[in-house]
Amino acid sequence: MNPEPESPKKPEDAAMAGSESNGGGSSSEDSDSRSLLQSQLHPYTVTLVAKWGKERLELPCLPPNTTIAEVKEMLAERTNVLPKRQKLVGLSTLSGSRVTDGLELSCLKPRSKSKGARAAAARAAGTAAAAAGTGTGTGTGTGTAASSPATATATATTTQVPSVLHSFLLVGTPEKDIFVDPGDRDQRHLPEVVDDFGLDFGAGSEQWLAHVATGQNLRRFTESTAVSIMHAPRRGKPLLVLDLDHTLLDFSRKSLERAGSNSGSGSSNNSSNSSNHLGGTASTTAEAIERMKRPYMDDFLARAYLCYDMVVWSQTSWRWLETKLIELGMLANPRYRFCFVLDKTSMFAVTSTARSGRTIQHYVKPLQIIWNKFPSAWGAHNTVHLDDLSRNFALNPANGLKVTAFYRKKQGSRRDAELLGLATYLEKLAREVDDFGKVEMGDWQDVVAGKKDLSDTIKKETGKPP
């Protein structure tokens, strides 16, 4: 019976086996031999620099055959962010293909600043190949292949192995701080879509409000919507429900990727963007983040927090919502806090009638869900819903305050000062009005400009201002 063939050995395994057959030796000599061997097998190393929030994480001197999956495991040990929750923003491949967990670091495209390192790596590769050829010759040399451990030690300590640098943005939340992703919940318990096609009244009418407040669908929806409290409601504070996209910010993943690939510096992100009037192209991640914020966003939130409890409700998926809040520093800002965050799974579809008479199906943010969850804290009398889309107010039009949509690429966007006026209006509203539902909030700009007094915008019993 023929013996089974041996499995092929990796070059490093074969080389190490050869070194072990030469006899024993001290542990330090073995370590030096291994160092020399690694420099021959891998003529360069890879250094990774990750920016995670305000931290700078460095993984130095990695072999180029290290995989992205292995890198994520290393990062998990440093950050407690599970590999499955990590996003490495700013890495690209030489071939232009997608960066996957099985990809080796040697396949990554170095930054332009790493040209010298790439050239050095190429020279080192040629030197290592030549050294390997000399060491494995046919015996015509003078004993080079059988050099002593001392010679190997001297060579290892004097060889300078070049390193290629890759910098990127690490996105992810430690497991202890993670929210429960509504998308991961049992699909049988997700809220039903409310359909009002068979109803005789339109969304936003008193009849519709009464229906959604007491209807079976909304009750079941309220029960199935889990609220993860980050900061408990404060006694006596009214509620400010905030939309994100184009109300407070204009997020761009590609801008973060470009900035992450252009800069490996750990430039910090200021907690306030009150002087954010940047021009040109963002060269760092911090600049890219500031550009995404509407001017005075942090100042606005800090002023609003003094008068209101705040909740974020965004019409986006949970993972992107989490990314936006973390990368823009909104969950760790010491000047303001959010009670909780809701995503698109807490919205349902209704059909409204446009001014043209055309019926339109769209999603809404039913404030009644929050009021049902916190009946002793908030209700229609002390809630303001800030959004750039009036259709999101369809079920609670009296509580909606519409703002102009913000687009960072729009000409003059950095001169936008709307949030400053809104902060003034909201402060005045909290001080002077007991029932927000009686105020015509569409007149907020006239109130801030002094054209109207806030008391002049209080509706009469007919539902119209005097």
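What we are looking at is a predicted model, in which local features need pLDDT of at least 70 and side-chain atom pairs count only at pLDDT 80 or more, while totals for chains, interfaces and linings use all residues. Residues are numbered from 1 along each chain as its sequence is written, and side-chain values use heavy atoms, with hydrogens and water left out.

Turning to the chain as a whole, 42% of its 466 residues count as buried, that is, under 20% relative accessible area with a 1.4 Å probe, protein chains only.

Now to the aromatic rings, of which the structure holds 6 pairs. The rings of Tyr 308 and Phe 436 have centres 6.4 Å apart and planes at 45 degrees, so this pair is tilted; rings of Phe, Tyr and Trp (its six-membered ring) pair if their centres lie within 6.5 Å, and planes under 30 degrees apart are stacked, over 60 edge-to-face, and the rest tilted. Because Tyr 308 sits in the loop between α10 (297-307) and β6 (309-313), and Phe 436 in the loop between α13 (418-432) and α14 (444-449), the pair ties together parts that are 128 residues apart in sequence. Tyr 308 is buried, at 0% relative accessibility, and Phe 436 is buried too, with a relative accessible area of 2%.

Finally, Phe 340, Phe 374 and Trp 378 form one aromatic cluster.

Technical notes
Buried < 20%, exposed > 50% of the residue type's maximum accessible area, 1.4 Å probe, protein only. Helix = DSSP H or I, 4+ residues; strand = E, 2+ residues; numbered from the N terminus.
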